[in-house]
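Hi everyone, thanks for coming.

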Amino acid sequence: MICLFCAVLICFTFSSCQKGMDEADSSPEVNLQALWEIIDQHYCFLDYKAEEIGLDWNAIRSTYLGKLSPQMSRTQLFEVLCQMLSELRDGHVNLYSSADVGRNWSWKEDYPDNLNTEVRDEYLGTDYKIAAGLKYKILDDNIGYILYESFQNGFGEGNLDDVIYYMRLCNGLIIDVRSNSGGFLTYAERFSSRFTNEKILVGYNSHKTGPGHNDFSKPEPEYLKPSEGVRWQKNVIVLTNRACFSSTNTFVRNMKECPLVTILGDKTGGGGGMPFTSEIPIGWSVRFSACPSYDARMQQIEFGIDPDVTCSLDCKDVENGHDTLIDTARQMLSE
Amino acid sequence: MGRIRLLMYVLCGLFYPFFLSAQRDAAHALMFGQGGSNQFDTYLSPMEYKGSQFTFLRETLRMTQRAKERLSFQSLTQGTFSMTENPAQNANEYGGHIGYNAGWHYNWMLRERLRLMAGGLLGADAGFLYNERNGNNPAQARLKADMALSLAGIYKFRLRRQVLALRYQADLPLMGCMFSPQYGQSYWEISQGNRDHNVCFTSPGNALSLRQLFTLDFPVRRFTIRTGYFSDIRQSHVNGIKMHDISRSFLIGFVRHFSIIQDKERKEELIL
């Protein structure tokens with residue numbers, strides 16, 4: 001045993017340990033290779049996007065290596081790396097340098113907004129109430145209206161109790177999450193738990209178990225438990241557009257499984273993968289989708305969730321100071 | 001699970017004599033150290049983070065009456081806090097852990113001045129590593145328990161009528177268990193109750209680690225001062241996640257001796 005111990009000591013002295021990259025390196029090829037490997041080994045939608053949009057990650061490596069030159073500036077390298085990441089068409093994929101954030105926001109930029117904030121603000125007026133991140137008001141036709149602009153802005157169970165209790169006599173409720181680009185999953189779960197009286201299956205989630213493109217754990221069911229606070233018992237309409245992303249996408253997924261809830265508007269922007277962060281030798285950090293989530297039928301939600309009722313903002317309505325989606329929702333809830 | 005249960009039985013068995021033994025000579029030491037740290041964890045980053053760290057060590061070493069007074073008991077409490085940065089020097093990681101090790105050594109006296117010790121230590125350790133700019137994977141929790149082979153040598157010598165003690169100790173974990181998320185598993189998922197091989201069996205095959213302590217004790221008036229060098233190398237490769245936590249420190253502290261018989265001439269006989 002002592003000999004073994006001494007052998008281990010000697011091994012420790014002369015052999016290598018678990019090693020990482022230990023030097024900053026600004027060479028274009030090293031950084032592109034490091035970035036490509038991070039995505040290759042950790043990104044969770046490579047196979048799915050190969051099927052859906054014909055993504056060939058191996059071919060992309062060769063293509064973008066060909067765009068490098070040893071003399072290129074940091075700015076030029078940043079542009080090439082961002083172009084490479086843009087091939088993933090994922091709003092959760094970003095490259096961060098001290099000067100810029102690389103992004104592909106085609107999930108919202110390529111589609112109509114279906115939102116005019118000036119018109120929407122007229123519905124709220126100036127006498128609306130604010131409960132943490134929630135703005136709310138009872139409209140003239142006794143329909144409750146909640147505007148939630150970001151899942152980054154938190155709220156507590158007490159806030160929800162107060163808001164729902166305040167609207168208890170309303171004929172219906174509109175939850176406007178248009179252009180809410182996400183934030184904390186906790187709030188998505190907390191909010192949606194007010195609209196079910198039973199534990200319901202809302203989706204599945206999974207994670208990678210290795211570097212292979214198809215190395216995934218068995219999908220675990222995700223249940224939504226009814227809140228112990230005040231729960232809404234009437235019809236609800238959730239307003240969506242293409243800028244509903246990430247946690248908002250998850251909120252819409254959950255709400256779609258709740259009874260008495262209708263999703264109205266445009267398809268959501270997607271963002272079905274929980275993002276992780278890593279970095280490359282030049283010091284830029286990279287964010288990427290790492291853990292996929294699915295809907296209750298095990299379908300991908302990475303490219304968005306279809307509404308129950310498709311509705312677009314009408315330019316003429318906007319000119320007249322009306323929001324087509326809010327008006328349609330009010331009409332549906334009043335019927 | 002069987003191997004983990006076996007480990008628990010071994011842990012209980014090894015601690016049992018601790019409660020039965022009577023104390024004879026004992027040395028209590030408290031040491032503080034500062035040195036370098038190298039952190040690497042592929043769950044957080046593929047880069048190695050380097051910087052400084054602070055350590056404290058509290059050690060108790062005492063002889064017992066067991067095995068014809070050749071069995072000594074040692075306990076070691078260790079705490080470390082590190083601050084490191086990536087090679088590009090634009091991101092930081094903060095880490096810390098606290099651990100407790102205790103066990104027994106069989107003692108051989110060679111040429112009166114040289115004491116060789118061999119035995120085993122049981123340890124448990126909890127800590128964290130936090131990367132300040134990561135999003136949904138900002139930190140890694142560190143929890144482990146293990147059983148280590150421990151070898152030590154203590155050499156006492158006189159210098160200008162004073163008794164000095166030189167000691168080297170190396171501890172090599174042989175088996176244990178540790179917590180680790182799965183390769184791409186988020187802590188949010190774990191918090192939802194989704195487990196996936198999060199408690200892993202460890203051995204030198206997947207978690208080759210080594211702790212080394214080199215100290216010199218010398219008296220200054222009524223006190224005994226201890227200086228030393230402490231090297232703690234922890235590694236693992238479980239669930240596809242590679243990590244190392246390497247810290248090396250220079251230590252300084254003091255030692256307090258306790259003995260049933262108060263006799264200055266016996267100072268050389270004391271364990272440390």
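**Rings, charges and a strand**

Let's begin with two residues in chain A: Phe191(A) and Phe251(A) are both buried. Keep in mind that what you're looking at is a predicted model.

How are the rings of those two arranged? Phe191(A) and Phe251(A) make a stacked aromatic pair, with 5.2 Å from centre to centre and 25 degrees between the planes. Now look at where they come from. Phe191(A) belongs to helix α9, residues 185–192 of chain A, while Phe251(A) belongs to helix α10, residues 247–257 of that chain, so the pair ties together parts that are 60 residues apart in sequence.

If you search the whole structure, you get 23 aromatic pairs over all chains. Why does the pair Tyr43(A) and Phe45(A) count as edge-to-face? Planes over 60 degrees apart get that label, and here the planes are at 80 degrees, with the ring centres 6.0 Å apart, so the pair is edge-to-face. Tyr43(A) and Phe45(A) are both buried as well.

Next, zoom in on Trp105(A). The charged end of Arg103(A) sits over the Trp105(A) ring, 5.0 Å from its centre. Lys108(A) also lies over the face of Trp105(A), and there the figure is 4.6 Å from the ring centre.

Okay, on to the backbone. Asn142(A) isn't a glycine, yet its phi is positive, near 60 degrees. You'll find Asn142(A) in the loop between β4 (134–138) and β5 (143–148) of chain A. Its relative accessibility is 26%, so Asn142(A) counts as partly exposed.

Over in chain B, Arg221(B) is another non-glycine residue with a positive phi, this one near 55 degrees. Arg221(B) is in the loop between β9 (210–220) and β10 (223–238) of chain B. Buried or exposed, would you say, for Arg221(B)? With 83% relative accessibility, Arg221(B) counts as exposed.

Last stop: strand β8 of chain B, residues 199–202, where the side chains alternate.

Key:
Residues numbered from 1 in each chain as written. Chains lettered and ligands numbered in written order. Predicted model: local features only at pLDDT ≥ 70, side-chain atom pairs only at ≥ 80, totals over all residues. Heavy atoms only, no water. Phe/Tyr/Trp six-rings, centres within 6.5 Å; stacked < 30°, edge-to-face > 60°. Buried < 20%, exposed > 50% of the residue type's maximum accessible area, 1.4 Å probe, protein only. Helix = DSSP H or I, 4+ residues; strand = E, 2+ residues; numbered from the N terminus. Lys NZ or Arg CZ within 6 Å of the ring centre and 35° of its normal.
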